[in-house]
Amino acid sequence: EITTYMPLVREEPPIEIEDALRKCRESEEIVGDLMELYCKAKEEGDTARQEWCMRYIYAVRELEVEQIDEATAYLLQYIEKKEANNAMQVFLQWGQQNDDIKVGFWGHLQSKGFRAKQIDHPKIQITLDMPKSIAQQSVGHFIGVRSLYTTYDSANGKDPSTMSVGGMIRVDLLSIPPFSKKVKGWTIRQMPSPGQELLRLPYPNPEHQTGTAIAAQSCKIEYKVPSHVLVGRSPTISFWDTQEEKWSTEGIADISWEPDSRKISFWSACLAAFSITQPRHLDLPYRHWSLRPVAPLLCELKIQAARYELHFLISEDGLRLKGPDEPELQQVMFAPPEEENNPEAGGTGPVQPTPGGGHKAPRIRSPATLLRELRDCGLNLMPEDGDAEHLEGYTPKCAETQARAYSDLSEIAAYYDIASSRHNKSLPKERALVRIRDNPLYDEFDPLDPDCDTDYTSILFFPDKSCFVQSLERITPCAETLKAGHVTHASLYLCFAKVPEPPANQADLLASLEVTCSSARFVESVRQTMQLMRLLCFV
């Protein structure tokens with residue numbers, strides 16, 4: 001269906017910007033469906049399906065920009081019909097400040113008389129300061145400047161080390177074609193040749209980069225960042241280098257971030273597509289993490305990442321974010337009013353009091369969906385193998401070992417505390433180490449307390465087996481020697497079943513560790529969460 005949809009959209013190019021934006025909103029609904037399929041494939045580890053989904057997501061969003069380009073070309077062709085002020089300038093804007101896609105346009109309908117100009121689009125919260133050199137480097141052209149903001153970027157994941165947050169603003173310097181003429185009752189309009197309908201003017205113009213040419217001055221760009229995006233005190237702004245196909249900070253200076261108004265501004269020596277950027281591995285490595293049962297088929301996951309300490313609840317319904325209590329994360333943590341007051345709406349928990357004194361319903365989503373939403377906020381907790389290249393001393397564990405460990409650990413998460421081990425990082429990629437302690441009463445213990453070190457039992461995982469070992473956190477190096485009387489087994493369940501000295505409640509213990517119809521969904525939620533976060537690779 002999607003392969004049919006895209007040609008159909010191209011067969012009917014939009015004339016007005018409003019029509020293009022309407023088609024973009026329709027396309028974003030398709031992107032939402034594709035993203036749900038991607039998250040499902042991510043949870044199931046279906047790499048081919050993930051690539052298929054992302055390929056079409058990128059293609060649909062390229063089509064959206066293409067539709068806006070076609071409508072912009074039509075606007076320029078008939079620009080003289082638009083109302084201009086006394087200085088022969090046209091100001092136009094489409095959308096609202098919180099829209100996912102919004103467009104602003106300014107046109108100077110004469111080739112002379114251009115001075116340094118501030119272009120303000122208050123309705124969409126975009127402001128540009130264009131220097132006089134804009135016109136001096138585009139001699140003979142009527143100039144138009146289009147600002148196109150989208151909540152997504154056009155990098156299509158091509159830069160593996162850097163991710164954009166807060167959307168992308170594309171600032172294009174455009175050439176307005178010659179106006180129509182009246183000749184003997186006829187209206188004569190020069191039509192551009194195919195492929196030249198939208199003529200972008202480079203800035204700086206490489207043809208003017210000589211010693212005698214007028215130097216290109218920097219442009220100031222300001223826009224509003226969405227309320228759900230985490231922005232640091234000193235954010236980085238980059239532009240997308242289409243030649244190198246990577247993010248670049250060259251020529252960008254004087255970045256200013258205003259947290260109260262959520263406006264970011266900067267000066268750039270070029271006009272391009274800009275975004276706030278950060279390393280993909282900004283929140284890695286995990287310093288430590290722990291998983292503990294807090295109620296039947298409910299466990300809490302705490303992760304101390306590089307910037308934040310995160311708290312999650314994992315249930316049979318999925319994953320829920322409990323903290324940190326940052327304003328930007330409220331939309332991820334709590335359901336909107338229309339879902340909160342709708343008893344038929346899925347993915348919400350019972351209404352709870354909030355720190356501000358109100359009451360909200362917590363949002364519960366599938367693990368991949370919630371983690372993708374966090375990534376959109378600028379918090380990437382779905383690392384890839386390539387992220388380890390930027391972290392000293394980290395090597396991803398082999399896929400087989402990870403699969404074995406996450407599957408086994410998810411089956412005991414309802415009854416045992418599970419904690420990371422500082423020795424795990426030093427082990428070869430074929431081996432992974434965690435610590436566990438039984439917790440039938442849902443007590444809260446500190447896994448970092450050295451006095452509790454001996455209360456935990458270490459488990460060593462291999463690609464095809466696991467075993468209890470003598471490792472302790474306070475003793476270096478890691479003691480990989482098997483505990484007395486123990487041997488390796490093909491599953492963690494067998495390690496419990498074959499202990500040398502079974503406890504009195506051995507039968508009840510083994511029965512509780514068996515996956516049943518009532519616990520299967522919870523076990524799968526835990527497994528997916530651990531797998532997506534790669535808890536054994538980056539700690």
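I shall go from the whole chain to its strands, and then to a few individual residues.

Please keep in mind throughout that this is a predicted model. The chain is built with 11 helices and 24 strands. Along the principal axes, its C-alpha atoms fill a box of roughly 105 × 55 × 45 Å. How much of the chain is buried? Of its 539 residues, 51% count as buried. As for contacts, if we take those between residues at least 6 apart in sequence, 64% of them join residues at least 24 apart.

Let us now consider the strands. In general, strands of a sheet pair through backbone hydrogen bonds, and the pairing may be parallel or antiparallel. Which order do the strands of the open sheet follow? Five strands form it, in the order β3-β4-β9-β13-β12, and the pairing is antiparallel. Its edge strands are β3, residues 117-121, and β12, residues 252-258, each of which pairs on one side only. On average, neighbouring strands of this sheet are turned by 10 degrees against each other, with direction ignored.

I would next draw your attention to strand β6, which spans residues 162-176. Why may we describe this strand as largely enclosed by the rest of the structure? The reason is that 14 of its 15 residues are buried. Strand β5, residues 142-150, pairs with β6 in the antiparallel sense over nine bridges, and here Val145 stands opposite Leu173 in β6. Strand β14, residues 273-279, also runs antiparallel to β6, and six bridges join the two. In that pairing, Arg170 stands opposite Ala273 in β14.

Glu70 has its place in helix α3, which covers residues 47-77. With a relative accessible area of 28%, Glu70 is partly exposed. What does Glu70 touch, once its neighbours within four places in sequence are left aside? Glu70 is in contact with Pro13 and Pro14. Glu70 and Leu198 are 128 residues apart in sequence, yet their C-alpha atoms are 7.6 Å apart in space.

Finally, some details of the backbone. The peptide bond from Tyr203 to Pro204 is cis, with omega near 0 degrees. Pro204 lies in the loop between β8 and β9. A cis peptide bond also joins Thr476 and Pro477, where omega is about 0 degrees. Pro477 belongs to the loop between β24 and α9.

Glu245 is not a glycine, but has a positive phi of about 55 degrees. Glu245 sits in the loop between β10 and β11, and counts as partly exposed at 40% relative accessibility. Tyr442, likewise not a glycine, has a positive phi of about 60 degrees. The loop between β22 and β23 holds Tyr442, and this residue counts as partly exposed at 28% relative accessibility.

Thank you for your attention.

How values were computed: Residues numbered from 1 in each chain as written. Predicted model: local features only at pLDDT ≥ 70, side-chain atom pairs only at ≥ 80, totals over all residues. Heavy atoms only, no water. Helix = DSSP H or I, 4+ residues; strand = E, 2+ residues; numbered from the N terminus. Buried < 20%, exposed > 50% of the residue type's maximum accessible area, 1.4 Å probe, protein only. Contact = heavy atoms within 4.5 Å. Pairing = 2+ DSSP bridges. Axes fitted to C-alpha atoms, helices over the stretch in contact; angles between N-to-C directions.
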